[in-house]
Amino acid sequence: MAKFLILTHPVEPPTDSQFARIDSCIQHFVDHQRSGRAQVYPAAGRKGYAIVVDVDSHKELIDFLYGNSMAFD
């Protein structure tokens, strides 16, 4: 397994399109935290999160990143 640190900084204010996907984005991180594969922390100083994800392969990392509804934002 390998651990990766992912830093997120959402655009403010979110567009209407982004606002509609916020709940599923948060649920994505919550589901992975509950499974024990990720640890999610609020980032100090500005909105966003620091996420430590523990994966077995690069494919699993890509699946984690692009499984998020806001991956391309």
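A: In this predicted model, the count comes to 3 salt bridges. As background, side chains of opposite charge can pair when their charged atoms come close.

Start with Arg37. Its side chain meets that of Asp56 in a salt bridge, at 3.6 Å from N to O. This pair links distant parts of the chain. Arg37 lies in the loop between helix 1 (16-34) and strand 2. Asp56 lies in the loop between strand 3 and helix 2 (58-66). The two are 19 residues apart.

Arg37 also forms a salt bridge with Glu60. Here the closest N and O atoms are 2.5 Å apart. This pair, too, links distant parts of the chain: Glu60 sits in helix 2, Arg37 in the loop between helix 1 and strand 2, 23 residues apart.

How exposed are these two partners? Arg37 has 24% relative accessibility, so it counts as partly exposed. Glu60 has a relative accessible area of 27% and is partly exposed. The cut-off for buried is under 20%.

The remaining pair is Asp63 and Lys59, whose side chains meet at 2.8 Å, N to O. Both belong to helix 2. They are 4 residues apart, so about one helical turn separates them. Asp63, at 43% relative accessibility, counts as partly exposed. Lys59 counts as exposed because its relative accessibility is 59%, and the cut-off for exposed is over 50%. As for shared partners, salt bridges join Arg37, Asp56 and Glu60 into one network.

Now the strands. Strand 3 covers residues 49-55. Of its 7 residues, 5 are buried, so strand 3 is largely enclosed by the rest of the structure.

Strand 3 pairs with two strands. Strand 1 (residues 2-8) is joined to strand 3 by 7 bridges, and the two run antiparallel. Ala2 stands opposite Val55 in this pairing. Strand 2 (residues 38-42) is joined to strand 3 by 5 bridges, again antiparallel. There, Ala38 has Val53 as its bridge partner.

Strand 2 and strand 3 also form a hairpin, with 6 residues between them. Gly45 sits in the turn and has a positive phi of about 95°.

Arg37, in the loop between helix 1 and strand 2, and Asp56, in the loop between strand 3 and helix 2, connect distant parts of the chain.

Notes:
Residues numbered from 1 in each chain as written. Predicted model: local features only at pLDDT ≥ 70, side-chain atom pairs only at ≥ 80, totals over all residues. Heavy atoms only, no water. Buried < 20%, exposed > 50% of the residue type's maximum accessible area, 1.4 Å probe, protein only. Pairing = 2+ DSSP bridges. Salt bridge = Lys/Arg side-chain N within 4 Å of Asp/Glu carboxyl O.
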